[in-house]
Amino acid sequence: MKIVDLSRELYHRTPSYPGHSAIIHGVWKTHEESFADGGNVHGLASMYIAMPDHAGTHIDAPLHFDKTGQPINEYPLENCIVPGICLDLRHIAPRAEITPADLEAAVKKAGVEIPKGGTVLLCTGHHERTFPRKEYGTENSGVNVAATRWLAGHGIVHFGIDSMRPGPEGRENLLVHKACFELGITHIESLCNLESILGEGPFTFIGLPMKWRGGTGSPIRAVAVFGM
């Protein structure tokens, strides 16, 4: 069995979505402080972290798309361990729309089938090209509404991408979010290391969210498991 990590590392002030609060990560108590507080028995260090529920590699809850949507603590865990494939879309230009024709061609090139009840990960090369520069937050390509409908029509539960948003920045990205709610699917953002699983065939995708009450999304540890 081989496990490939597809998750961005979280650290103090790691790049976050434009307009969202920064990730704050620091020391809560040092070993020395804890040692003294515990009567010089043993020191236990601990850290503090504050962040948006859309920080780092994360999954969007339906509540993010619409106020009537399901919060992340109610999102089905069955959708978090699913069969997956990864498509090569690195030739798509920055800020360009990924169309159904692009997806069809990528599936044909990969020689795989889209798994019903599974996920499709889109390797645009955006993370590899731009992270952590400022262009990471703006220059991504992404699916348009037609491509979102095309993916949903193949029976997926979600799709993932190696950028901060599923569509290109602007109106189309908002419409993709709206379409996801209407189509009953969601998406995973800020994946990384997708290049390493291109051409490797189908895998099991695992990405479990935290059980945040009323959450509009959650960071996940996203992995591709081969030979499971």
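Student: Which residues lie nearest the centre of the largest pocket, and how many line it?

Tutor: Tyr17, His64, Asn173, Leu174 and His177 lie nearest its centre, and 15 residues line it in total. Before we go on: this is a predicted model, where local features need pLDDT of at least 70 and side-chain atom pairs count only at pLDDT 80 or more, while totals for chains, interfaces and linings use all residues. Residues are numbered from 1 along each chain as its sequence is written, and side-chain values use heavy atoms, with hydrogens and water left out.

Student: What makes something a pocket and not a cavity?

Tutor: On a 1 Å grid over the protein atoms alone, a cavity is a set of points where a 1.4 Å probe fits but cannot get out; a pocket is an open set with protein on both sides within 12 Å along at least five of seven lines, and lining residues have an atom within 4 Å of a point. The largest pocket holds about 210 Å³ of space. One cavity of 30 Å³ or more is counted, and the largest cavity has about 50 Å³. Its lining includes Arg8, Tyr17, His54 and Glu189.

Student: Which element gives the largest share of the lining of the largest pocket?

Tutor: That's α6, with three residues. β4 (58-60), α2 (62-65) and α6 (171-183) each supply at least two. Those names come from DSSP runs numbered from the N terminus: helices are H or I with at least four residues, strands E with at least two.

Student: Why do the side chains of Glu182 and Lys178 count as a salt bridge?

Tutor: The rule asks for a side-chain nitrogen of Lys or Arg within 4 Å of a carboxyl oxygen of Asp or Glu. Glu182 and Lys178 meet at 2.5 Å, N to O, so the pair qualifies under that rule. They are four residues apart in helix α6, and therefore separated by about one helical turn. By the rule there are nine salt bridges.

Student: Are Asp88 and Arg90 buried or partly exposed?

Tutor: One of each. Buried means under 20% relative accessible area, exposed over 50%, partly exposed in between (1.4 Å probe, protein chains only). Asp88 has 17%, so it is buried; Arg90 has 40%, so it is partly exposed. Their side chains meet in a salt bridge at 2.9 Å, N to O, and Asp88, Arg90 and Lys109 are linked in a network of salt bridges.

Student: What makes β5 and β11 a pair?

Tutor: Two strands pair if DSSP finds at least two bridges between them. Strand β5 (residues 81-88) and β11 have four, in the antiparallel sense, with Phe203 as the bridge partner of Gly84. β11 and strand β13 (residues 223-226) have three, again antiparallel, and Ile206 has Val223 as its bridge partner in β13.

Student: Which way do the side chains of β11 point?

Tutor: Phe203 and Phe205 point one way, Thr204 and Ile206 the other, and all are buried. In a regular strand the side chains alternate between the two faces of the sheet.

Student: How do you know that Leu208 can belong to a surface patch?

Tutor: Patches take residues with over 30% relative accessible area and no salt bridge; like charges are joined within 9 Å, nonpolar side chains (Val, Leu, Ile, Met, Phe, Trp, Tyr) within 5 Å. Leu208, in the loop between β11 and β12 (217-219), has 42% relative accessibility, so it counts as partly exposed. Leu208 forms a nonpolar patch with Met1, Ile3, Leu77, Ile81 and Met228.

Methods: Accessible areas come from the Shrake-Rupley method with a 1.4 Å probe; for residues, only the protein chains shown count as cover. Grid points are joined across faces, edges and corners, and a volume is the space filled by probe spheres set on the points.
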